[in-house]
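Visitor: Hi, I've just opened this one and want a quick tour. Can you talk me through it?

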Amino acid sequence: MATETAVAAEPVRKTSSQAGDKIARLTALFFACTLLAIVGLLVYELIWRSEPARAKFGWGFLSSSEWNPVTENFGGLPFLYGTVVTSVVAMLLSIPLGVGAAIFLAELAPAKLSNALTFVIELLAAIPSVIYGLLAIFTLVPLMREYIEPFLKATLGFLPFFQGPAAGVGYLTAGLVLAIMTVPFIISVSRESLLAVPREQREAALALGATHWETTWQIVVPYAKLGILGSVFLGLARALGETMAVTMVIGNLVAVHASLLWPGYSIAAVIANEFAEAGGKIYPAALVELGLVLFGLTIVINGFARMMIIATTKKGSKR
Amino acid sequence: MLARRKLVNMVMLTMTGVCTVATVAVLFLILGALLVHGASSLSWNFFTQLPKPIGETGGGMANAIVGSAEIVGLAALIGIPIGFLAGVYLSEYEDKKFASVVRYIADLLNGVPSIIVGILGWALLVVPMHGNSALAGSIALSVMLIPIVTRQTEQFLREVPLALREGALALGACKWKMIATVVVPAGSKGIMTGMILGVARIAGESAPLLFTAGSSQYWGTLTEPTASLPVMIYFRATGPYEEWHQEAWAAGLVLIGMVLTANILARMILAKGVSVPRG
């Protein structure tokens, strides 16, 4: 009697658990698909909402500098230019700073100190963008206006990059803020790829009589170069899309100037400033089109970054 | 020659130290400046009063503090379950090809500039509802939160040892019971850390809220424009009045206090070191 019930109960329990498994699997799959749906929706909205502007201006949108909401004539060049210039300035400053600090943390500092400092540096990455903007407006901008920009004009003023007004706000200040904001990303990814370099590489170089620096610069850094390059692209993608801090210090002037001291504008900044008030059909569409351009730019740069970082981890796991 | 090499060695190694000190110093300069400027204008009124017109004293940002809590809370309610279950899928149920597509898409979404997420929130909710609302802000922020939680959940579930899973299966548990009662509890510390860090990150975002939640001088319901701390900092800091700037500093101090507390708390939950989500 007892054995009969046990035998009868067995298949029932099994099917119910199998059904449970199926439901659980489908639920998880459903939520994984939400991610695809969100990105699909994002791309669809960006393309569809920018349609009026794309139809009216075509590719000329990217090369025109006119931005006139009254006549509804829009061109994106000043913003694209500002986005690229500020990001390039940021990278010129943050690559040496970030790679230098990563070398110190990976090659010189004792493990405990290195971990503590890395934690502090990663806190820097957690600070909200608007706080960087707040600090920059009230501390960095006056400093730039009173001391740094007049100094640059006096010493390097013969170069086209350091002429014009010294208003404190502009490409250079925005680039400086972006440099500070991207350094933590460069440091933490570069440090990890430097730490992944096998010990034998260092020992071999040192045994051949290389100094500590020569070992680091000629052996360790080249070995980790893909990871470091990945960290740079990661930082670049951040810089391109950064909104609030740039909006607060770039000066918000629709113009293209070779000099870094001039105020300018960036894609993210113009969307932040004008989107809420943009009326009519063409105006918001032009802003969404700028968003589409920025979206494409960051996707490509992020793609490069991932490819390089994945390549280094694969290299590591093979060993 | 050797002397020169030794000199180069010393100079360059010192330079790397200088780079590190400079970067770390920035954090302390930021905290110092916020403390000096913010503490002097922080008062009880800041937490309990609504904003007052220019010229009147004693105004505060109570509505923005509550508004931030409301928007971020709802975003967490939407984003955490979706992100968590997507992460469970990636770690536990992967079909090789589809999972790598989902993983790629999660990283892609993680890298989308926050202002563009704002455009999505605007298109999905502000346009059909004919106006800004806290709800639209929450949706925008949850879009930022989902990929962070997904990747963190996946990462920490993967670290759960295979032996634990095999043990559960050998005892006769079916797969979903194994996941729910063995794998997820084993990875819960890391997952919690990821969630706290993710929520702390979206709590500081202002770009996606500018034209979704908007701003307001008053208390708001879910379907009305609602002020939030980061957006108020932006408007106060870029405004023309000295009183506004003082309020911006005070709000900045409160915001950074919350974000740093959450970050340090997350580290304490996860006793061993782990990277801040990035990408």
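Predicted model: local features only at pLDDT ≥ 70, side-chain atom pairs only at ≥ 80, totals over all residues.

Visitor: OK. How many residues of chain A are in contact with chain B?

Guide: 74 residues of chain A, and they meet 73 residues of chain B; a contact means C-beta atoms, placed from the backbone, within 7 Å. On the chain A side, helix α1 (residues 2-49) gives the most, with 20 residues. Helices here are DSSP runs of H or I with at least four residues, strands are runs of E with at least two, and both are numbered from the N terminus.

Visitor: And what's that side made of, by class?

Guide: It has 52 nonpolar, 16 polar and six charged residues. Nonpolar covers Ala, Val, Leu, Ile, Met, Phe, Trp, Tyr, Cys and Pro, charged is Asp, Glu, Lys and Arg, and the others, Gly among them, are polar.

Visitor: Switching to chain B, how many helices and strands are there?

Guide: Ten helices and zero strands. Chain B has 279 residues, and 52% of them count as buried: that takes 20 or more other C-beta atoms within 10 Å of a residue's own, while 12 or fewer is exposed and in between is partly exposed, with C-beta atoms placed from the backbone.

Visitor: Which way do α7(B) and α8(B) run relative to each other?

Guide: The axes of α7 (residues 162-170) and α8 (residues 175-203) of chain B come within 10 Å and cross at roughly 160 degrees, so the two are roughly antiparallel. Axes are lines fitted to C-alpha atoms, for helices over the stretch in contact, with angles from 0 to 180 degrees between N-to-C directions. Under 35 degrees is roughly parallel, over 145 roughly antiparallel, 65 to 115 roughly perpendicular and the rest oblique.

Visitor: Which residues make the contact?

Guide: From α7(B) you get Leu164(B), Arg165(B), Ala168(B) and Leu169(B), facing Met178(B), Val182(B), Val183(B) and Ala186(B) of α8(B). That's seven nonpolar, no polar and one charged.

Visitor: What about α4(B) and α6(B)?

Guide: α4 (residues 96-111) and α6 (residues 134-158) of chain B have axes that come within 8 Å and cross at roughly 135 degrees, which makes them oblique. Ala106(B), Leu109(B) and Asn110(B) of α4(B) touch Pro147(B), Ile148(B), Thr150(B) and Arg151(B) of α6(B).

Visitor: Is α9(B) enclosed or open, and what covers its buried residues?

Guide: Eight of the ten residues of α9 (residues 229-238) of chain B are buried, so that helix is largely enclosed by the rest of the structure. The cover includes α5 (129-156) and α10 (244-249) of chain A, along with α3 (62-92) and α10 (242-269) of chain B.

Key: Residues numbered from 1 in each chain as written. Chains lettered and ligands numbered in written order. Contact = placed C-beta atoms within 7 Å.
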